[in-house]
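Dear colleague,

I am handing over to you the structure shown below. My findings follow it, grouped by residue and by element.

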Amino acid sequence: MNLKGIVCGFDFHYGYKGEGNCETLKKIEGIEVEVVDEVSDSVGKISSTRITQLLKEGKIEDAERLLGHPFVIDGKVIRGRHKGTSMGFPTANIYSGTEYVTLKTGVYACYVRRGAKEYRAMVNLGHNPTMNYTSALSLEAHILDFNEDIYGERISVRFVTWIRPEKDFKNKDNLIMQLEQDVRTVRNLLK
């Protein structure tokens with residue numbers, strides 16, 4: 001594999017029954033091994049497992065603090081069924097692949113970056129139960145104060161805070177009233 005070096009955490013294990021560790025790696029000739037010491041806070045060890053759990057619980061701010069940077073999903077804007085547009089809430093449907101941690105479903109206050117410019121956005125991650133149910137998770141961003149054709153472009157979604165769970169509304173009017181409230185919430189949170 002032509003490895004020159006390996007960086008691993010202090011508690012790294014590999015191989016059969018996890019018997020390999022940092023010390024066994026150091027015994028391999030020709031490979032430099034750098035071991036990263038434990039990093040912790042008042043709660044305990046900061047680990048990918050802990051950060052993943054926070055993201056799955058919708059605790060974006062806590063995850064960002066442990067990551068040391070915002071949680072961002074990059075993806076390509078693809079065509080949807082235009083259900084949001086028909087209700088006055090056009091969305092950028094974002095295909096991001098499968099390499100991201102699955103966040104808690106629901107509505108988020110986010111920033112969407114397109115090129116060098118950033119916009120506030122109300123983002124839904126879920127199955128769209130009221131108007132456009134999908135078995136696969138969908139990521140849709142209603143970008144505030146924005147009206148441009150961005151199909152085929154790559155954009156980034158920076159998650160700021162989880163607002164509410166996804167709901168199945170009785171009718172379209174109830175959904176629209178909730179979306180209007182969500183937009184107000186995003187505007188208040190992201191000034």
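Leaving aside its neighbours within four places in sequence, which residues is Val33 in contact with? Please note before the reply that this is a predicted model.

**Val33**

The contacts of Val33, once neighbours within four places in sequence are set aside, are Ile6, Cys8, Cys22, Leu25 and Lys26. Val33 itself belongs to strand β4, which covers residues 32-36. Its relative accessible area is 17%, and because buried means under 20%, Val33 counts as buried. For a sense of distance, Val33 and Asn174 stand 141 residues apart in sequence, and their C-alpha atoms are 58 Å apart in space.

**Helices α2 and α3**

Two packed helices are described by the angle between their axes and the distance between the axes. Helix α2 spans residues 48-56 and helix α3 spans residues 60-67; their axes come within 8 Å and cross at roughly 155°. An angle over 145 degrees counts as roughly antiparallel, and α2 is therefore roughly antiparallel to α3. The crossing of the two helices, α2 and α3, is left-handed. On the side of α2, the contact is made by Arg50, Ile51, Leu54 and Leu55, while α3 contributes Ile60, Asp62, Ala63, Arg65, Leu66 and Leu67. Sorted by class, this contact of α2 with α3 has seven nonpolar and three charged residues, and no polar ones.

His142 is part of strand β9, residues 138-143. With a relative accessibility of 12%, His142 is classed as buried, because that value is under 20%. A polar atom of the His142 side chain lies 2.8 Å from the backbone oxygen of Pro90. Not counting residues up to four places away in sequence, His142 touches Gly88, Phe89, Pro90, Thr91, Arg120, Ala121, Met122 and Val183.

Asn93 is located in strand β6, residues 92-95. Asn93 is also buried, at 16% relative accessibility. Apart from neighbours within four places in sequence, Asn93 is in contact with Lys76, Val77, Ile78, Arg79, Gly80, Leu139 and Glu140.

Is Gly126 buried or exposed? Gly126 has a relative accessibility of 0% and so counts as buried. Its place is in strand β8. Beyond residues up to four places away in sequence, Gly126 touches Thr105, Thr134, Ala136, Leu137, Ser138 and Glu166.

One of the residues touched by Gly126 is Ala136. Ala136 sits in the loop between β8 (117-126) and β9. At 48% relative accessibility, Ala136 counts as partly exposed. Ala136 and Gly126 are 10 residues apart along the chain, and their C-alpha atoms are separated by 8.0 Å. Residues up to four places away in sequence aside, Ala136 touches Gly126 and His127.

Asp168 lies in the loop that runs between β10 and α5 (172-189). The relative accessible area of Asp168 is 55%, and since exposed means over 50%, Asp168 counts as exposed. When residues up to four places away in sequence are not counted, Asp168 touches Pro129 and Thr130. From Asp168 to Asn128 the separation is 40 residues in sequence and 7.8 Å in space, C-alpha to C-alpha.

For Lys17, phi is near 55°, a positive value in a residue other than glycine. Lys17 occurs in the loop between β2 (13-14) and β3 (20-21). With a relative accessible area of 65%, Lys17 is exposed.

Asp145 has a phi near 55°, again a positive value in a residue other than glycine. The loop between β9 and β10 (154-164) holds Asp145. Asp145 counts as exposed, at 58% relative accessibility.

With kind regards

Terms used: Residues are numbered from 1 along each chain as its sequence is written. This is a predicted model: local features need pLDDT of at least 70, side-chain atom pairs count only at pLDDT 80 or more; totals for chains, interfaces and linings use all residues. Side-chain values use heavy atoms; hydrogens and water are left out. Axes are lines fitted to C-alpha atoms, for helices over the stretch in contact, and angles run from 0 to 180 degrees between N-to-C directions. Helices (H or I, at least four residues) and strands (E, at least two) are DSSP runs, numbered from the N terminus. Angles under 35 degrees count as roughly parallel, over 145 as roughly antiparallel, 65 to 115 as roughly perpendicular and the rest as oblique. A crossing is left-handed if the near helix is turned anticlockwise from the far one by less than a right angle, and right-handed if clockwise. Contact means heavy atoms within 4.5 Å. Ala, Val, Leu, Ile, Met, Phe, Trp, Tyr, Cys and Pro count as nonpolar, Asp, Glu, Lys and Arg as charged, and the others, Gly among them, as polar. Buried means under 20% relative accessible area, exposed over 50%, partly exposed in between (1.4 Å probe, protein chains only). A polar contact is a pair of N or O atoms within 3.5 Å; within protein, one must be able to donate a hydrogen and the other to accept it, and residues adjacent in sequence count only if both atoms are side-chain atoms.
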